[in-house]
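Hi,

Here is the structure I promised to pass on. Have a look at it first, and then read my notes below.

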Amino acid sequence: MPLPLAEDAERWRSVFAERTVLAVAHNVTSATRLLDLLTLFEGDRRVETVFTCTGSSALDNGTLELLQARGALVLAWSEAKQRKFDLAIATSRGGDLYNLHAPLIGTPHGAGYNKLLGGSREAFGLTEEWLMHDGRVVPSAIVLSHEEQRARLAVSCPDAVPLSLVAGDPCFDELAASAPFRPDYRHALGVRRGQKLVVVSSTWGRDSVLDAADPGRDALRRALAELPADEYRVLAAVHPNAYYGHGAWQLHTWLAPLLACGLMLPRPDTQTWKAALVAADALCGDGGSVTQYGVSLGLPTVLGSFATDKAAPGSPMALLARAVPRLSAHRPLLPQLDDAARRQAADPELPHLRSLVTSRPGQAAALLRALFYQRLGLPEPATPAAARAVPVPAAPGEPAAGPPGARRSPVVAPMYVTVGTDGDAVTVRRYHAALQRPSQEGHLAGAQLVADIDDPDTQWPRSADVLLVPARPRGGPVPAERAAAGAEAVARYPGCALIATEERDDGCVALLPGSGTRVRATWSGPRPWWVSPAIAASVVHERLLSGPRPPYGPGAGRPPLRVRVTIGADAEPALLVVTAL
């Protein structure tokens, strides 16, 4: 039994609190919002909190573990219903809350009340089914985030209207307060200069982004396959019900090919998804709260999936579904994101939609704390209550980059590479080869395939236009001269157009087997973060085989070729100097 409730607790206590609060969790989703709300009691030794889990959710896997990992004292639900508390706070309507012996405050666990559940035509959390028992309203206070919810409550449960309080949205206030720290979040998530971050969010259940079975609508795969790998980073914000409902191991196993190509998959019980929304340049979402928060922050948004029949009529989510475009399976993803950015910036309907997440912007912390302390019969602390910034994720891309224990492959991933030319300037864009689908390769017109000579999947080196040879044999001695490596590669893969031996300065020595031409490609001057032997090899391939061909051949005395290289319009360029050997 938790210490505050033990029969002989007075003997063992170190802090003698005046009031005890029962925090009621339904599942991980509700628990994370509950933990956010309880920060309003920080620093106040007059208030002690005990947690409990209703056990009423089919998706409550991980809830107890989450609370225990936070060091919370957790009371069994059967015990919680037998004891008296000064206040109970619940972030869901599930469970027999009517059996609690405490004034109950009910709050939403997402962006308001938007979802239909159990055949109802009104939003979950606003109906008599979820608010009343034996003819009485169960909560003593019902927290709403916007005035429009009170109008819907008046239709679906009129008896609850006098008990409702419009207190705004604490999560949105937190996101808004975090805006000045956008560069910090981008750095922590590993978003480099010149890169863009796309968040793909998925709620749970059928018709979520994770459920999309049509390859053309598979937003997660398409984001990793169609967006240039050096120019974009992709983060998946997955609903806790999906993450813990299937289990973290299973989800990581299903998404392993995407994780291997750089997908970031943070645990949803952390606040990384919030940092990612503030850091993001675009969002691909569905009918979940993350989508509504992203739209409210002004992110260019497309819907990778949406279940229209699950959005409550007249709710902000139903309005969002009409205002935000659906992801088309018949157009490349990047132009759709660009169109969303251009059109939504000038869309006259979106400001109203964005305003529906809260009608008390910036006030949620103050209004909620006032409510809590009024029900506890205590004066509020002297320090004003205000929204705080989202914590910065602990380390760049970790642990978001993959499952626990995952190892980064020592082999350079196979890439399809396009090289766009403009005089002596080129733009290199690389795409993960393993994720491409034949029907989705419009973005690969004219692409060369670049692969590692030691890739265990031999389809890639056998088909490659450009073969990369490591600067030293993997697992072998370091030779004095690496020319032998090129000769060996020619023998093993006679169909390859160019063989590039990596050099320590991120350049390469390239061999054209058909002509015997050998050149050295070296980066000159400042080197941006993105330069690599692979990109140097792709530029050499384009210049010597696909583009204008300079008079290179065996022997010295040829003039050097200088190429201005970049990976995108926002990236810092670099100068590549190609010299005949």
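Before the notes, one term: when I say that two elements are in contact, I mean heavy atoms within 4.5 Å. Angles between axes run from 0 to 180 degrees and compare N-to-C directions. Also keep in mind that this is a predicted model.

With that in hand, take helix 6 (residues 147-156): it lies across strand 8 (141-144) and strand 9, and runs at about 160° to strand 9.

Those two strands belong to an open sheet of 7 strands, with parallel pairing and the order 3-2-1-4-5-8-9. Which strands sit at the edges? They are strand 3 (74-75) and strand 9 (164-166), each of which pairs on one side only. For strand 3, the partner is strand 2 (residues 47-53), and the two pair in the parallel sense over 2 bridges. If you zoom in there, you'll find Phe-51 opposite Val-74 of strand 3.

Now for the inside. The largest nonpolar core has 60 residues, and Phe-41, Ile-89, Val-200, Leu-263 and Phe-372 have the most contacts inside it. Helix 18 (residues 364-376) gives this core its largest share, 7 residues. Leaving aside residues up to four places away in sequence, Phe-372 touches Leu-37, Leu-40, Phe-41, Leu-87, Ile-89 and Ile-105. Another core lies apart from that one; it has 33 residues, including Val-450, Val-519, Val-539 and Leu-544.

One last stop is helix 13 (residues 272-279), which is mostly covered, with 8 of its 8 residues buried. Among them are Trp-273 and Lys-274.

Cheers

Terms used:
Residues are numbered from 1 along each chain as its sequence is written. This is a predicted model: local features need pLDDT of at least 70, side-chain atom pairs count only at pLDDT 80 or more; totals for chains, interfaces and linings use all residues. Side-chain values use heavy atoms; hydrogens and water are left out. Two strands pair if DSSP finds at least two bridges between them. Helices (H or I, at least four residues) and strands (E, at least two) are DSSP runs, numbered from the N terminus. Buried means under 20% relative accessible area, exposed over 50%, partly exposed in between (1.4 Å probe, protein chains only). A nonpolar core is a set of buried Ala, Val, Leu, Ile, Met, Phe, Trp, Tyr and Cys residues joined through side-chain atoms within 4.5 Å.
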